[in-house]
Amino acid sequence: MSSQSMIQLQDVCRHYSMGDTLIPAVDGISLEISTGEFVALLGSSGSGKSSLLNLMAGLDRATSGCVVVQGSNLVELSREALAKHRLKTVGMVFQSFNLIPSMNLLENVELPLRFAEIDRNQREMMAQKALERVGLGKRIRHRPSELSGGEQQRASLARALINQPRILLADEPTGNLDSKTGTEIMGLIREFNQTLGTTIVMVTHERAIAERYAQRMIFLADGKLVGDQVNSGIEK
Amino acid sequence: MKLYDVTELALRNLRESVLRNSLTTVGISVGVASLVAMLSLGIGLQQLAGRRLQKSGLFDTIIVTSRRDLRGFDREQEQNGPAPADSPVLNEEARAKLAQLPNVREAYPDIRFVTELRYDDKPHLTMVAGLPASAKSNDAFDGMQGSFFSNDDAPQAIILKSFAEELLGRTPKQGEAEPGVAELAKPLLGKSFILRYAERTSPNSLSGSGNASDNLAAMASAYSVISKEMTVTIVGVSELNPDTMRGQAGARVYLPLKLAEGMHVMQPSDLRNASSQGAGEATYSTVSVRVNNASKVGDVEAAIKKLGFNTFSITDATKSLRQFFAILDLFLGIFGSLALAVASIGIVNTLVMAILERRREIGIMKAIGASDSDVKGLFFAEAGAMGVFGGVLGVALGWTIGQLINFGTNVYLKRHQFPSEKVWLVPWWLVGGAIAFSIIVSLLSGLYPASRAARLDPVQALRYE
Ligand SMILES: Nc1ncnc2c1ncn2[C@@H]1O[C@H](COP(=O)(O)OP(=O)(O)OP(=O)(O)O)[C@@H](O)[C@H]1O
Ligand SMILES: [Mg+2]
């Protein structure tokens, strides 16, 4: 493993058994993602993009193979250690934002800090700063339902990055947004990638977005890796 | 997660679905209230019965008689103890000695005599007895009309209701409603009657000054009897007889004990003593010894027997009473807990519902780094918080119900002219115990939902739209 390598997958499988049939959502994938890389995962619906991302996030366990993130093999970790991995090493954003509706933005962004047992008085300040950074400094007392989709996704980005993870895993972050708002969000993600050096793995099925922002494009079909190319036409 | 954060999040979750959680909490509080209600009723009844027994004097009184008076009705005892002739005399000196025994509250002579009294110029024959000042707390006087003696030798009398009827000539015929005590007392309180009795005096006190030989002669002739009269004011009319131990044969007119003693009324035992020994000193036929605690009756009785006296007491019934109440409390507790058990199912139900409803939320929390124990702690804290609120509310509810029952019972008792009673008692240990029990039951109920929430697969939970 080189010092540059952030994520290493080796012959990773994730099979779902539905009665007698076996569904190979992820079927023997090996790849390596370097520190600070911006990678797009592409493929048609049902090709296993989300499944693969969840394995890297430690939300799910591989049926076989190795998932090594920052030197530790997630397959061997305890449930407790996996939770710690999700808390500290990775941040996640989703297509459907997944903010907690009963909490305002500040509380939502603060939540990972509670799990990390950060002091109360520090927490509010940190969450406030994170929200300011994504341009929501004036909306911190609003609940998610009072915000537009783009604003919710900004808040969820702030939450994903509050514990300063080395990796951001994004599952179709612009899937529910119009192209203008989507562009804003992508701009933010790129900014984090460039200023903080956060490694980005982003699932998308929009090739245009991948070509515009990602340094590298990985193609999946039926749970298998079918293409891996460096993006030459990336915009600066 | 820190305990403070767990609590804060749990409380805000409870507030989010406030109706359902309050209903569950009310369910717990009804369970706790029923437990508190049942147990405090048991405790209240137990204390009431204990108080009654204590006040009745039935179980803490020992009647002491001299063996000299024995007419051989108890051969066995006679064989064990000293011969009747050797038994000490039951006089003032002996009474003082009895009062000095450990665990003895008081020892007073039993003074009673049959005599004639005149009221409204009509003669009545009745048993008159002396009553010690301590009898004031006897529950027979709880519902008395008028008042207790103003002091221990005032020329005052308390008469029983039956005697009041006789004085007024209002003995009810069969089938007729009995007149109330208040009605009977009204024309009698503050009125006086004349008591006629036979006083026993030493001859020398009659002659005033006499020399030693005269006194000796007086001793030999024992005493003389003169007829006396005394005016006594009626201060109280009682429905219940304080002389429970003697039942129907009890007196119907009571005088302050000191007054009755000072009258030196001739007693049957005087005659006997005069014929056998010729002692001029007053002796008592019986002395009542009251013990501090009903459980000490046995010890004190043994001590008195050692002094050579004969004793009589009703065996300690409080022990079997305590046993009865322990069983009653157990059953009441089980019935009370039943409601709490039903309430605990309510907690399980509410939390399982909350898990289904908050599936996605749990998934989100796990995705952003919550551990199993964080999620478990959250649901556990919610159950615990419902237990705390339910417990406090339940104790308050139980207490209120108890107050209402006390109030209702006393209205009822008053209407029937009984003294008021506290049938309901909530001791502090029950308050603390009930709240603690409620929390424990709630936490136990939270055990299953909490671990189920912790095991939830976040991928599934998030897929769920
Ligand atoms: N819990 C499950 N049980 C059975 N099959 C599953 C389960 N989760 C996913 N699958 C299957 O695994 C395959 C890959 O699913 P996945 O969600 O990774 O696809 P995707 O590439 O993210 O698709 P989309 O672009 O629609 O999000 C699909 O065929 C899906 O039906
Ligand atoms: Mg997907």
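How many nonpolar, polar and charged residues are there in the lining of the largest pocket?

Tutor: The lining of the largest pocket divides into nine nonpolar, twelve polar and seven charged residues, where Ala, Val, Leu, Ile, Met, Phe, Trp, Tyr, Cys and Pro count as nonpolar, Asp, Glu, Lys and Arg as charged, and the others, Gly among them, as polar. This is a predicted model, in which local features need pLDDT of at least 70 and side-chain atom pairs count only at pLDDT 80 or more, while totals for chains, interfaces and linings use all residues. Residues are numbered from 1 along each chain as its sequence is written, chains are lettered from A and ligands numbered from 1 in the order in which they are written, and side-chain values use heavy atoms, with hydrogens and water left out.

A pocket is an open set of points on a 1 Å grid over the protein atoms alone, with protein on both sides within 12 Å along at least five of seven lines, and its lining residues have an atom within 4 Å of a point. The largest pocket has a volume of about 790 Å³, a volume being the space filled by probe spheres set on the points. Its lining is made of 28 residues, and the closest to its centre are A:Ser50, A:Ser51, A:Asn54, A:Asp171 and B:Arg463. Two or more lining residues come from each of β1, β2 and α1 of chain A and from α16 of chain B, these being DSSP runs numbered from the N terminus (helices H or I, at least four residues; strands E, at least two). The most is given by α1(A), with four residues.

Ligand 1 sits in this largest pocket, meaning that more than half of its atoms lie within 2 Å of the pocket's grid points. Around ligand 1 there are 15 residues, each with a heavy atom within 4 Å of it, and A:Ser45, A:Lys49, A:Ser50, A:Ser51 and B:Arg463 are the closest. Because the surrounding residues come from chains A and B, the site is shared between chains. The shell around ligand 1 has four nonpolar, eight polar and three charged residues, and α1(A) gives the most to this shell, with three residues. At least two shell residues also come from each of β1 (5-18) and β2 (21-34) of chain A and α16 (458-463) of chain B.

Finally, consider the polar contacts (pairs of N or O atoms within 3.5 Å). An oxygen atom of ligand 1 is 2.6 Å from an N or O atom in the side chain of A:Ser51, whereas for A:Gly46 a backbone N or O atom lies 2.9 Å from an oxygen atom of ligand 1, and for A:Gly48 such a backbone atom lies 3.0 Å from an oxygen atom of ligand 1. Taken alone, ligand 1 exposes 630 Å², of which the protein buries 73%, with accessible areas coming from the Shrake-Rupley method with a 1.4 Å probe.

Definitions and conventions: Polar contact = N/O pair within 3.5 Å; in protein donor to acceptor, adjacent residues only side chain to side chain. 1 Å grid on protein atoms, 1.4 Å probe; cavity = no way out; pocket = protein on both sides within 12 Å on 5 of 7 lines; lining within 4 Å.
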